[in-house]
Structures are given as C-alpha cells and as structure tokens.
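Please keep the sequence and the model at hand while reading.

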Amino acid sequence: MVSLMSSSFFRLPPKGYRAVATYYAARAQHPQDQMQLPAQFFKRQTMFDPRLLAAIVMVLWASCYPLITLGLDDAPHLTFAALRAIIAGTVLITVAGLKHAPLPRTPAAWGWIILAGLSMTTFGYFGMFHAADFLSPGLATVIESLQPLLASLLAIVFLRERLGPAAWFGLVLGIIGVVLIAGPRIFAPGGASTALGIGFVVLATSGVAIGNIAIKMLSVEVDAAMAMGLQLLVGALPITFLALVTETPSAINWSPVFIISLLGLALPGTALAYWLWQTTLKSLDVSKAAAFSFLVPIIGVSLGAGFFGEPLTASVISGVIFAAIGVYLASRPRKSRSRSALTPPAS
C-alpha cells in the first residue's frame, strides 16, 4: 500500500485526491462493480487536461500543409508521403519498444489498426499531398477543419456518443466560419482547380474522421505509441507501392529545405501529434476532441498570412471568430446529471 501511495497516488492531478476517496466509498457500497469502477473512474484522471493536448495537436497538424508545400519541389508526392509515414511510424514503434509495450493481441485490435492505417495514413496522406498542388497552405488547412462535423456524425453512429444543443450549435458555427474563410476563394477566378484541391482535402479529412473511430476503439487496449506506429507503417505500404509504380523515388533532391520539411512533418507533425492524439482520445469523446479542428483555421490563416502572403479580409477574420466560438461550445464539458459519474454504464 505504501508503494502504491508513493508511486501512483501522489501523481494524480489536484482533483484526483478527493475523487480517489469518492471512488473507494462507491466501491464499498457496490462491491459487485469493483472490477468496472476503476476503468470508469480513472478514465479522466490524466496529468494534463485532454483539451490542452487536443489544442497542441491542432497546432502541430496546422503546420503540416506549409511544410508539405516547402518540400514538394524536391520530391515526388507519394514518395514524400511514404517517407513521412515510415519515419514517423518507425520512431513510434521504437518508443513503444523502449517502453516494453506489447503488440496487439486480438484480431479485433489488428483490424482497427489496419482500418486506421488505410484511412488516416493511406487516404489521408494521398489526399493531403495532392491537395497541396491546387490549394494554398492556409486554404487547405481551413478546409480540413470540416472534419469535426463528419467525425461527430460517425461517433454518434458507431460510438453512440451524444452531443447537447450547445455542442451542435458550436459545430454549426465552426462550419459557418470555414465557409466565410473559404467561400470567396472557391468562387474566385481559378476556382476549378480550387474545387479539385478541396476534393483531395475532403478525401484526406474523411480518412482522418474514420481513423478517429478506429483509434478510439484502440485507445484503452493498445499502447498509444504502438498503435499509432503500427497504423502509420500499415498505411505506408499502399503509398509506397504506388510511389514505386508511378514515380521515381530516386529523384528526391535532398536539399536542406527538404530535410527540414520531411523531419518537421515526420517527427513533431506526425509522430508526436499522433501519440498525443491517441492519448487525448482516451479521455475525450471523439466528437469533442475533433471539435478542436476548428482551431486549425486560426492557425492556418496566421501561417498563410505570415509566410505566404495570404490576405486577411473581413470575411476571413469573421470566419476565425466563428470558428473559435465553435470550438468553445462544441468541446466544453457537459453539465453532470443527478446520476453519479461513478455508476457503470449498462453493457
């Protein structure tokens, strides 16, 4: 007991101390549920607020389109994407190995990993790297933020998550913000190529939304670094095959700009971001976590204006404001009801 107290109890966040006492009181009253209560209780007792982690992930992901744009002149699209996935996956698997994390042990876990790899990495990267040919980095980043709506709908259908009226209103505000930012550019001269680029972004976004469901299913059963590393390597296989068949991988120009772009994408933009994302999904519903994608327009517009000369119009600024309010409404915790949060859900 002393060892337990010194090694794990005192690492809980401040609210954890009162909650521990509440948990043991509930277990004493409901001994038949003592195997279920720990998972329900400790689910949200993390060192960092999962909403903070989600915001950090969005900052990392928002940097991806600018980095892709910087590196595309030096490497073929699919070769670039495959290298990103392979490097990031290898780093995460190495981290998992150092932690002695076990491989997934059930066919269901492997099935979710394969689904996540094909959706998040294969389709996601295919769409993302091709979109960079048709869209400016800021606009591509903004369109990608439509992901929360699709993720929320999938979470409602497959995970039976529920959104309150305020959360739905936040999603609507976020979509309005995206339309205000992207709409004028879609209907401007050259909008046909913009529409094709948006199609590629939607493909990438759909892959990420589907992958979020798979990652949520893995978040408790498989170590975060192991799960994300495996899905990246699985998803890299089809991209690598297509690159070998349709491109010339040896045509890469290993310039300093390309190396910085590749490592920036693979390490903080992918390995770190994906690991933090699965950690976030352990404690946050998919619909609430995905709502933080509405932060991406703010970051994307700032990067586009600062580094690529994209204009900050009244429409863009209004869209950013709507998106920020949407994040707040869609991600804030729902008020607890009269039933105790320690009561296990019906199976």
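## A buried helix

The buried residues of helix α5 are C64, Y65, P66, L67, I68 and G71. The structure is a predicted model. Helix α5 spans residues 64-71, and because 6 of its 8 residues are buried, this helix is largely enclosed by the rest of the structure.

## Aromatic pairs

In the whole structure, a search finds 7 aromatic pairs. One of them joins F80 and F258 in a tilted arrangement, with 5.1 Å from centre to centre and 55° between the planes. F80 belongs to helix α6 (residues 77-98) and F258 to helix α13, so the pair ties together parts that lie 178 residues apart in sequence.

F80 is buried, at a relative accessible area of 0%, and F258 is likewise buried, at 0%. Ring pairs also link F80 and F258 with Y125, F129 and W254 into a cluster.

## T280 in helix α13

Helix α13 covers residues 256-283 and includes T280. T280 has a relative accessibility of 0% and therefore counts as buried. Leaving aside residues up to four places away in sequence, T280 touches P50, L53, A54 and A289.

## L203 in helix α11

L203 is located in helix α11, which comprises residues 191-218. L203 is partly exposed, with 30% relative accessible area.

Apart from residues up to four places away in sequence, L203 is in contact with F123, F126 and G127. The C-alpha atoms of L203 and M128 are separated by 8.1 Å, while the two residues stand 75 residues apart along the chain.

Conventions. Residues are numbered from 1 along each chain as its sequence is written. This is a predicted model: local features need pLDDT of at least 70, side-chain atom pairs count only at pLDDT 80 or more; totals for chains, interfaces and linings use all residues. Side-chain values use heavy atoms; hydrogens and water are left out. Helices (H or I, at least four residues) and strands (E, at least two) are DSSP runs, numbered from the N terminus. Buried means under 20% relative accessible area, exposed over 50%, partly exposed in between (1.4 Å probe, protein chains only). Contact means heavy atoms within 4.5 Å. Rings of Phe, Tyr and Trp (its six-membered ring) pair if their centres lie within 6.5 Å; planes under 30 degrees apart count as stacked, over 60 as edge-to-face and the rest as tilted.
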